[in-house]
Amino acid sequence: MSDTPPILALRDVTYRWPGAVPFGLGVANFALQPAETVLLLGESGSGKSTLLSLICGTVTAQAGSVSVQGTDFASLSAAGRDRFRAEHIGVIFQQFNLLPFGSVLDNILLPLRFAPDRRARVDDPNATAKRLIESLGLPSNLTTARAGTLSVGQQQRVAAARALIGQPPLIVADEPTSALDAATQATFLDLLFSQSRAHDTALLMVSHDARLASHFDRVVEMSDIAKIERAVA
Ligand code: ADP
Ligand code: MG
């Protein structure tokens, strides 16, 4: 067990948004073990979404290393980072990032197109996508709807199904319950945690809502792991 690399490790990472934007983030040391569930709390503007972008490899650190399952994003090309993310990380972005003109089904199956190992874990992609959206409380016939026509709460659940399909070893979720009512939120969290338990999926979830803390193995405050640099305007 001690030889198992952390699923996620950040070491001496610094990131500054390019251009004139006076915001920089520094993370000396942050790691997640396989199957660990962590809630990341922090005030608005504290860099939570920036940190998740670093963890997903959608932005790259200017110094230090960000590794997922032992692979440092800096060792990959841009296309390699995209493939690596599709294979290893289920991402629920704060703005969902669905393809608005694609169907719900297209959106849910999208990561599998770039991730042969993840695809191989799904026997019947269409049936699995339907099952996932049903288990998130949406009608299965919604799969043919265009994602752009859905309500915000429905889009959030489609984004969740896209993150869950094919059991990636790490799920990263940026305030994924913000547009859900209490009942849907509970269903969604149940599904996330049951996947985590069944498949040893590590889960890093950002939220404003400290009441969610009891569901998680560990709660981390942004101010405890990150140093923020902000120029005074
Ligand atoms: P949080 O998710 O905790 O609210 P963010 O990571 O979204 O915080 O934002 C932290 C700061 O980073 C913002 O105040 C802004 O200055 C900067 N920032 C975030 N996203 C961008 C971006 N796409 N381009 C430039 N600056 C950004
Ligand atoms: Mg954010």
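A backbone N or O atom of Gly45 lies 2.8 Å from an oxygen atom of ligand 1. This is a predicted model, in which local features need pLDDT of at least 70, side-chain atom pairs count only at pLDDT 80 or more, and totals for chains, interfaces and linings use all residues. Residues are numbered from 1 along each chain as written, ligands are numbered from 1 in the order written, and side-chain values use heavy atoms, without hydrogens and water.

| Residue | Protein atom | Ligand 1 atom | Distance |
|---|---|---|---|
| Trp17 | polar side-chain atom | nitrogen | 3.0 Å |
| Gly45 | backbone N or O | oxygen | 2.8 Å |
| Gly47 | backbone N or O | oxygen | 3.1 Å |

Among the residues surrounding ligand 1 are also Phe23, Lys48 and Ser49, each with a heavy atom within 4 Å of the ligand.

Ser49 belongs to helix α1 (residues 48-56) and Gln94 to the loop between β6 (89-92) and α3 (104-113), so the pair ties together parts 45 residues apart in sequence. Helices (H or I, at least four residues) and strands (E, at least two) are DSSP runs. Ser49 is partly exposed, at 26% relative accessible area, as is Gln94, at 31%; the term covers values between buried (under 20%) and exposed (over 50%), with a 1.4 Å probe and protein chains only.

Technical notes. Polar contact = N/O pair within 3.5 Å; in protein donor to acceptor, adjacent residues only side chain to side chain.
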